[in-house]
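The following exercises concern the geometry of one protein chain. Each task is followed by a solution in steps.

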Amino acid sequence: MAAFPEFAVFDELGPSKVVHLYDPGSGMKGVVVVDNVAAGPAIGGVRMAADVSTDEVARLARAMTLKNAAAGLPHGGGKAGIQADPKTADASRLVLAFARAIRDLAEYIPGPDMGTNERSMAIVRSETGRAVGLPRVLGGIPLDEIGATGFGLARSAEVAAEFAGIHLKGARLAVEGLGNVGRHAARFLAELGVILVAASDRGGAVSCSEGLDLDRLAETKRKAGTVAAFEGGRRLSQAELFLVDCDILIPAARPDCIRADNAGAIKARLVLQGANIPATPEAEAILHERGIVNVPDFIANAGGVICASVEYHGGTEADALRRIANQISRNTREVLQRARDERIEPRRAAVALATDRVREAMSYRMPC
Ligand code: NAD
């Protein structure tokens, strides 16, 4: 297994700590990057993957700094990685060793990410006294069960639709990745009259201009393992989903799926980024030139981390949903208005908004 490469990219925001971990007993190799803690202890997920690198963890930690600052949370950004394949490794043992190794790293609050889950967070909490994304019985708010991120995407859509000149009632939606984020986003948008016309997952894609029945689609995915087996629609390739005739497109699976080679052919007038980094910078520039309203990931998909923060501070599910609705609506409006006024891409406006907040939080810290 590759060792973690040396890490040496520092800028005005961080990272404040890069800690490599190794436990010879269990074989656990890990890294924690605490990017910035000006607003409070850093919250961010623990990713378990065989190829996770220090560089990847550092980029994700910075993304959490921006996401948490934009969401107005009293938390900085951090992230952790454990180098192991969660399917074959003794995951609980590695998580336990990881938790013991970070016991004194009090400015980092772990949460679940790829390869870890509520059970992992219960282990971390029992060893360190801190973690988010806990099982309900331990005071957790099950964010994927309640659809916290999909709920936030629907709130973002309500505001962004005005900027895109779309009426949500009757608007047509395509979702890449009908998983936790995509399925709940489609469900909450259906409550506003939005019609799901195309959906994809790991096994393929399906479309129907008349609308796909979400419950039957979910049932097909549960039984057959993929939405592509759905009988009430036309089969598509995953790549064709991006080109479907629709008003709203939600990428909710893979990074970099909107690229320079397909951004010019997207028919949607509004792109809501459910996944993290679903579009390349070149693709975002093309969407902007074409007048397509594009709400960046860390603005639109912050519902999950807002829910985690409310959980950490002892709030209820209702508190979490209220906070998600208020913050994501406000941020979507602020970012899209600034982008329009200054004629800049929404991502530039979003980064400026988040960075201003981090800088302001940093201004209250005494210099060493
Ligand atoms: P998930 O595993 O529940 O769902 C992912 C879905 O994408 C699955 O249905 C899978 O079959 C599908 N998929 C995989 N490869 C695909 C491909 N090539 N084409 C089309 N579909 C494909 O994951 P999730 O929790 O819904 O997370 C999805 C994305 O959103 C990830 O990028 C995640 O980091 C990001 N995200 C999740 C949350 C959250 O609250 N869960 C919050 C913020 C961001």
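**Exercise 1. Determine the handedness of the crossing of α5 and α6, and describe the contact between these helices.**

Step 1. The crossing of α5 and α6 is right-handed; a crossing has this hand if the near helix is turned clockwise from the far one by less than a right angle, and is left-handed if the turn is anticlockwise. Helices (H or I, at least four residues) and strands (E, at least two) are DSSP runs, numbered from the N terminus.

Step 2. The model is predicted: local features need pLDDT of at least 70, side-chain atom pairs count only at pLDDT 80 or more, and totals for chains, interfaces and linings use all residues. Residues are numbered from 1 along each chain as its sequence is written, and side-chain values use heavy atoms, with hydrogens and water left out.

Step 3. Two packed helices are described by the angle between their axes and the distance between the axes. For α5 (residues 148-164) and α6 (residues 180-190), the axes come within 7 Å and cross at roughly 45 degrees. Axes are lines fitted to C-alpha atoms, for helices over the stretch in contact, and angles run from 0 to 180 degrees between N-to-C directions.

Step 4. The angle makes α5 oblique to α6, where under 35 degrees counts as roughly parallel, over 145 as roughly antiparallel, 65 to 115 as roughly perpendicular and the rest as oblique.

Step 5. On the α5 side, the contact (heavy atoms within 4.5 Å) is made by T149, G150, F151, L153, A154 and A157. The α6 side contributes V181, H184, A185, F188 and L189.

Step 6. By class, the contact of α5 with α6 has eight nonpolar, three polar and no charged residues. Here Ala, Val, Leu, Ile, Met, Phe, Trp, Tyr, Cys and Pro count as nonpolar, Asp, Glu, Lys and Arg as charged, and the others, Gly among them, as polar.

**Exercise 2. Characterise the chain as a whole: what is its radius of gyration?**

Step 1. The chain contains 13 helices and twelve strands.

Step 2. Its radius of gyration is 20 Å, close to the 21 Å that the globule rule gives for 368 residues, so the chain is as compact as a globular protein of that length. The radius is taken over C-alpha atoms, and the rule is 2.2 Å times the number of residues to the power 0.38.

Step 3. Along the principal axes, the C-alpha atoms fill a box of roughly 55 × 50 × 40 Å.

Step 4. Buried residues account for 55% of the 368 residues; buried means under 20% relative accessible area, exposed over 50%, and partly exposed in between (1.4 Å probe, protein chains only).

Step 5. Of the contacts between residues at least 6 apart in sequence, 65% join residues at least 24 apart.

**Exercise 3. Identify the backbone geometry at P15, D256 and I277.**

Step 1. Most residues other than glycine have a negative phi, and most peptide bonds are trans.

Step 2. The peptide bond from G14 to P15 is cis, with omega near 0 degrees. P15 lies in the segment before β1 (17-23).

Step 3. D256 has a positive phi, near 55 degrees. The residue D256 sits in the loop between β10 (248-251) and β11 (270-272) and is partly exposed, at 37% relative accessible area.

Step 4. I277 has a positive phi, near 35 degrees. Its place is the loop between β11 and α9 (281-289), and I277 is partly exposed, at 41%.

**Exercise 4. Is A275 buried or exposed, and which residues does A275 touch?**

Step 1. A275 belongs to the loop between β11 and α9.

Step 2. With a relative accessible area of 7%, A275 is buried.

Step 3. Residues up to four places away in sequence aside, A275 touches P251, A252, A253, R254, D297 and N301.

Step 4. A275 and I250 are 25 residues apart in sequence, and their C-alpha atoms are 8.4 Å apart in space.
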